[in-house]
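This briefing is meant to be read beside the sequence and the coordinates. It takes up confidence, then charged pairs, packing, the pocket and the backbone.

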Amino acid sequence: GNSQQQQQQQQQQQGWITAIDPDPRIELRQGNVASTPIPSDSASVVNLTFVLHELPLRAAKDVVAEAHRILKPNGGQLWIC
């Protein structure tokens, strides 16, 4: 069979992400996602991964509303996974 290194090389050739390197343009924050200290209209991307399906409907709506509040107008991206 393939070694782990061979599998990683094959995945990289197919466009798979096998590692994430630090990038000064990306900021990871943890906190109350329904009420953040992030200024309005300031985020290029908001990524909600493994969040909404765990919340009651009212809380999920609050989270999405907060995401829209902080996204840059006419250019921000909301990623929901």
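In this predicted model, confidence is lowest in helix H1 (residues 4-13), with a mean of 74, and highest in H2, with 95. These values are pLDDT, the predictor's confidence in each residue on a scale from 0 to 100, while helices (H or I, at least four residues) and strands (E, at least two) are DSSP runs numbered from the N terminus. Across the protein the average pLDDT is 85, and 91% of the residues score at least 70. Where pLDDT is low, the predicted coordinates should not be read in detail.

Residues are numbered from 1 along each chain as its sequence is written, and side-chain values rest on heavy atoms, with hydrogens and water left out. Since the model is predicted, local features need pLDDT of at least 70 and side-chain atom pairs count only at pLDDT 80 or more, whereas totals for chains, interfaces and linings use all residues.

**Salt bridges**

- With a salt bridge taken as a side-chain nitrogen of Lys or Arg within 4 Å of a carboxyl oxygen of Asp or Glu, the count comes to 3.
- Side chains of opposite charge can pair when their charged atoms come close.
- Aspartate 23 and arginine 25 form one of these salt bridges, with an N to O distance of 2.5 Å; aspartate 23 is partly exposed at 23% relative accessibility, whereas arginine 25 is exposed at 73%. The classes used here are buried for under 20% relative accessible area, exposed for over 50%, and partly exposed in between, computed with a 1.4 Å probe on protein chains only.
- Arginine 58 is joined to aspartate 62 by a salt bridge whose closest N and O atoms are 2.8 Å apart, and both residues lie in helix H2 (residues 57-70), 4 residues apart, which is about one turn of the helix. Arginine 58 is exposed, with a relative accessible area of 55%, and aspartate 62 is partly exposed, with 31%.
- Arginine 69 and glutamate 66 form another salt bridge, their closest N and O atoms being 2.7 Å apart, and these two residues also lie in helix H2, 3 residues apart, about one turn of the helix. Here arginine 69 is partly exposed at 29% relative accessibility, while glutamate 66 is buried at 9%.

**Packing and contacts**

- Leucine 48 touches Val33, Val63, Ala67, Leu78, Trp79, Ile80 and Cys81 when residues up to four places away in sequence are not counted, a contact being heavy atoms within 4.5 Å.
- Alanine 60 lies in helix H2 and is buried, with a relative accessible area of 12%; leaving aside neighbours within four places in sequence, alanine 60 is in contact with Leu52 and Leu55.
- Alanine 60 and glutamine 5 are 55 residues apart in sequence and 40 Å apart in space, C-alpha to C-alpha.
- Glutamate 66, the buried partner in its salt bridge, touches Val33, Ala34, Ser35 and Thr36, again not counting residues up to four places away in sequence.

**Largest pocket**

- The largest pocket has a volume of about 960 Å³. On a 1 Å grid over the protein atoms alone, a pocket is an open set of points where a 1.4 Å probe fits, with protein on both sides within 12 Å along at least five of seven lines, and lining residues have an atom within 4 Å of a point. Grid points are joined across faces, edges and corners, and the volume is the space filled by probe spheres set on the points.
- Of the 25 residues that line the largest pocket, Glu27, Arg29, Val45, Val46 and Asn47 are the closest to its centre, and E1 and H2 each supply at least two residues of the lining.

**Backbone**

- Most residues other than glycine have a negative phi.
- Aspartate 41, in the loop between H1 and E1, has a positive phi near 55° and is partly exposed at 45% relative accessibility.
- Phenylalanine 50, in the loop between E1 and H2, has a positive phi of about 55° although it is not a glycine, and counts as exposed at 65% relative accessibility.
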